[in-house]
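I am opening a notebook page on one protein chain. I will look things up one at a time and write down what I find.

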Amino acid sequence: MKHLFAMGTGAVAVLALGAGLALAAPEPDPMTALAGRPAGADPLDPMTALMARPEEGTGGEGNVELGGLPDGPGAEDTFYQCVACHSTEIIKQQRVTDHRWDELWTWMVEKQGMAEPDEETKKVILTYLKTNFSSER
């Protein structure tokens with residue numbers, strides 16, 4: 001009788017576990033959630049900038065003395081401000097919105113410890129970045 005009771009208890013446990021697994025909601029498949037959406041379609045997605053095609057860039061090698069940044073007002077200020085922390089390649093691959101450039105600036109100052117230049121230089125650099133590396137142009 002003990003043996004029969006133990007087998008019955010074990011069978012109930014197996015059935016309960018099986019029923020629980022069958023009733024559990026399946027995890028959403030992230031690949032299915034992204035289906036039909038082109039890669040890089042969301043400008044707030046940090047991967048968008050990494051997926052920009054080279055032909056969408058500045059259209060040339062840029063100024064070799066400034067790490068390949070395109071010439072223009074603010075290029076030199078941008079070069080010296082940015083290469084203190086990272087290469088110009090990080091800049092050149094960006095294709096983010098103008099608003100996102102403002103957010104990135106704030107993040108770099110507040111969270112990454114970037115030294116913030118005077119207000120006029122900041123405006124020159126952000127204008128340069130938005131002119132040359134924006135998804136809006």
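Is R100 buried, partly exposed or exposed? I looked up its relative accessibility and read 26%, so R100 counts as partly exposed. My cut-offs are these: buried is under 20% relative accessible area, exposed is over 50%, and partly exposed lies in between, with a 1.4 Å probe and protein chains only.

**Ground rules.** I am working with a predicted model, where local features need pLDDT of at least 70, side-chain atom pairs count only at pLDDT 80 or more, and totals for chains, interfaces and linings use all residues. Residues are numbered from 1 along each chain as its sequence is written, and side-chain values use heavy atoms, with hydrogens and water left out.

**Overview.** I looked up the secondary structure and found seven helices and zero strands. Helices are DSSP runs of H or I with at least four residues, strands are runs of E with at least two, and numbering starts at the N terminus. Of the 137 residues in the chain, 25% are buried. The chain exposes about 9800 Å², and carbon and sulfur atoms supply 62% of that. These areas come from the Shrake-Rupley method with a 1.4 Å probe; for residues, only the protein chains shown count as cover.

**Salt bridges.** I searched the whole structure and got four salt bridges. The term means a side-chain nitrogen of Lys or Arg within 4 Å of a carboxyl oxygen of Asp or Glu. Side chains of opposite charge can pair when their charged atoms come close.

I went back to R100. R100 forms a salt bridge with E103, and their closest N and O atoms are 3.3 Å apart. Both sit in helix α6 (residues 98-110), three residues apart, so about one helical turn separates them. E103 is partly exposed, at 32% relative accessible area.

Next I took D102. D102 forms a salt bridge with K130, with the closest N and O atoms 2.8 Å apart. D102 is partly exposed at 32%, whereas K130 is buried at 18%.

I also noted E116 with K122, where the closest N and O atoms are 3.4 Å apart. E116 is partly exposed, at 41%.

**Helices α4 and α7.** How do α4 and α7 pack, and at what angle? Helix α4 (residues 75-82) and helix α7 (residues 119-132) pack at about 100 degrees, with axes 9 Å apart. They are therefore roughly perpendicular to each other. That label covers 65 to 115 degrees; under 35 is roughly parallel, over 145 roughly antiparallel, and the rest oblique. The axes are lines fitted to C-alpha atoms over the stretch in contact, and angles run from 0 to 180 degrees between N-to-C directions.

I listed who touches whom, where contact means heavy atoms within 4.5 Å. From α4 come A75, D77, T78 and Q81; from α7 come T121, V124, I125, Y128 and L129. In α4, the buried residues are A75, T78, F79, Q81 and C82. Their cover includes α5 (88-92), α6 and α7.

**Y128.** My last entry is Y128 in helix α7. Y128 is buried, at 2% relative accessible area. Leaving aside neighbours within four places in sequence, Y128 contacts L69, P70, G72, P73, G74, A75, T78 and F133. G72 is 56 residues away along the chain, yet the C-alpha atoms of Y128 and G72 are separated by 7.5 Å.
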